[in-house]
Amino acid sequence: ISEGAVDSSPFTDRYGDDRFFFFFWGVRLVGINSNLIKYDDPRETEQLEWMKDALKKKDASEVSLLFSHHPFFLKEIGEDDGYFQIQKSKRQTYFDLCAESDVDALYAGHLHNNSSGEYSGMPVRTTTSVAFQIGDAQPSIRVITIADGVISAKYEALSAYWVSRDEGSQAVSHFHLETTINGNVYQSETVTTILRPNNVSSIMI
C-alpha cells in the first residue's frame, strides 16, 4: 500500500472481489475495501458508486449493515485525523450516503481496541482484534443479533469460546462459533490462535 495506489491483488487473486454484498433473510450486508478511501486510490470513486447501489434498500423493512476495515471515526464524525481513522475530509460524503440509504449500523476494525460512537442515531462501532491488542481490550468478536428489525451487538471475549488452552510460554487456543437462526444451527470452522510471549498473534481459519 502506498499513497494513491492500493495493490489488492494478494487478496483478490486468492479470494475474488475486495468488497461484498449479501442479502440474507431481510438483512443487507455490505462490505467495502476501506484502503481505497484511506490511501486515495482512484478506484475509490468506482467503489462509492457501487456502494450507492448495494446500500439501496428495496423495502423499508430491510436492515442494512455496512462493514469497513478502517473506522471512519472513533467517537464523533468531527474528530481530528489519525492513523486509524478515515480522513476527516472524506467522512461526510460517506455518512450522507448512509443517511440517504437508511443504513442501520456501521462496523469496523483496524484499531485493535474497542470504540463506540454514532452519527444521527446510527451506531458506529469499532471492534478489537481476535489477536494482537493495542489497548486494554481482550481478543474478542462482536455478535450481532437482529430480531424483528431490532439490532443488538454484544461484545464477546474469545475466552468464552476457548475449548483448550496451554498457559505456557506459547498459549494455543482453539474455539468455534455457533449461532442459531430460525431454529437452524450454524457453526464456524475451528479457529486456532497462537499467542506468543510478546503478545504478537497469528490466526488461521
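Buried means a relative accessible area under 20%, exposed means over 50%, and partly exposed lies in between, as found with a 1.4 Å probe on protein chains only. The views below show a predicted model, in which local features need pLDDT of at least 70 and side-chain atom pairs count only at pLDDT 80 or more, while totals for chains, interfaces and linings use all residues. Residues are numbered from 1 along each chain as its sequence is written, and side-chain values use heavy atoms, with hydrogens and water left out.

**View 1. K57 and D104 meet in a salt bridge.** A salt bridge here is a side-chain nitrogen of Lys or Arg within 4 Å of a carboxyl oxygen of Asp or Glu, and for K57 and D104 the N to O distance is 3.0 Å. K57 lies in the loop between helix 3 and strand 3 (63–68), and D104 in the loop between helix 4 and strand 4 (105–108), so the pair ties together parts that are 47 residues apart in sequence. Helices (H or I, at least four residues) and strands (E, at least two) are DSSP runs, numbered from the N terminus. K57, at 17% relative accessibility, counts as buried, whereas D104, at 23%, is partly exposed.

**View 2. D40 forms a salt bridge with K90.** The closest N and O atoms of this pair are 2.5 Å apart. D40 sits in the loop between helix 2 (35–38) and helix 3, while K90 belongs to helix 4 (residues 88–100), 50 residues apart. D40 is partly exposed at 35% relative accessibility, but K90 is buried at 14%. Salt bridges that share partners join D40, E44 and K90 into one network.

**View 3. E46 and R19 are joined by a salt bridge.** The N to O distance is 2.9 Å, and the pair links distant parts of the chain, with E46 in helix 3 (residues 44–54) and R19 in the loop between helix 1 (9–15) and strand 1 (20–24). E46 has a relative accessible area of 44%, which means that E46 is partly exposed.

**View 4. The largest nonpolar core has 21 residues.** Such a core is a set of buried Ala, Val, Leu, Ile, Met, Phe, Trp, Tyr and Cys residues joined through side-chain atoms within 4.5 Å. The members that touch the most others are M51, L55, L66, F72, F95, L106 and M122. Helix 4 gives the largest share of this core, four residues.
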